[in-house]
Amino acid sequence: MEKKVILVTGTGGNVGQGVLRNIKSLDLNIVVIGTDIASFTAGNHLCDFTYQVPYSYAENYIATIQNIVEKEKVDLIIPTTDYEIYYLALHQADLKAKVVASNHETAKIYLDKYLTFQHHKSLNIPFSQSWLPSEFKNEINDIIVKPREGRGSRGIHLNPENPKSFSDDFMIQPLHKGIEITTAFYVKKDGSLHGLFTMQRELSNGATSKSQTTRLYDDQLRNIIEKMIQVKGLVGSINLQSIVTSKGEIIPFEVNCRISGTNSIRHNLGFQDVKYTIQEYLLNQEPDEVKTIDGIAVRLLYDVIYPNAENEADLNNNKSQHIIY
């Protein structure tokens, strides 16, 4: 295979680092460019070259990305943060590399959890009941207040004393009790569902700390996902987060229009959405058949150590001497 160049954004986060490890595992002739808002991240040692970039909503973000694309002759961009998905999709026509992202209208809806609720409600697709604080009339007692935009568990409040004191930048949902599951599904270029993969998970600081394959809910989830993709606009790997109640009802509460943070776990359990992305958008191949296995995964911390280093500005790629311990 002739040399190809992939740009992966958000290499300081767990999503980006998982994508980088998955690309490396494919053992293809690929040069990996990493970008992040910080110059020195835990993902630097997985990249051939790295660049510091502005926040995606900054005026000069797209121009910065385009300069990198032209300088490094980038073939493909894989965004790994929600905001970059939206802004790169919005400006796809201005970029000389293919961006793997849902269309910007769809990405905008799923960037905002309240718009997601309204979108699903209008299409009769299951989603957790949601209210803006200004419209909430104490319909229920147990609630969760969360930012409409944002990721992880940042800014979440459980059963606050005065829900209406929050601005409409927040939203209110029932505090559902049950099993939390995360479902990855891959939508091919032609708009068809290539496959899905669900794990029951436990969280620590808003991120998955332990997970286990489950197939119990595949039929219900497939029905929900098929309704979602019938609307068009969703492509590539998407993440659906849900609660399973004691009655077996699946209640989705969040959709991420991007590869999710458990991509490295899924890859080793047979759902290889990073590989499917590269096959379709870089190699112009049909993605491999989905062949998943059961499994359990637990996450741990490890260290990337740069012996004798004095200046982190020099530690910007995989050529810097390092130890993984």
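**Aromatic rings, charges and cysteines**

Y86 is buried, its relative accessible area being 13% (buried means under 20% relative accessible area, exposed over 50% and partly exposed in between, with a 1.4 Å probe and protein chains only). The model is predicted, so that local features need pLDDT of at least 70 and side-chain atom pairs count only at pLDDT 80 or more, while totals for chains, interfaces and linings use all residues. Residues are numbered from 1 along each chain as its sequence is written, and side-chain values use heavy atoms, with hydrogens and water left out.

Across the whole structure, 10 aromatic pairs are found. Rings of Phe, Tyr and Trp (its six-membered ring) pair if their centres lie within 6.5 Å; planes under 30 degrees apart are stacked, over 60 edge-to-face, and the rest tilted. Y86 and Y87 form an edge-to-face pair, with 4.9 Å from centre to centre and 70° between the planes. Y87 is partly exposed, at 23% relative accessibility. One aromatic cluster is formed by Y186, F197, F271 and Y276.

Y86 also has a charged neighbour: K108 lies over the face of its ring, 5.4 Å from the ring centre. A charge sits over a ring if NZ of Lys or CZ of Arg is within 6 Å of the ring centre and within 35 degrees of the ring normal. The charged end of K189 is placed over the ring of Y281, at 5.1 Å from its centre.

A search of the whole structure for disulfides (pairs of cysteine sulfur atoms within 2.5 Å) finds zero. C47 is buried at 0% relative accessible area, and C257 is buried at 6%.
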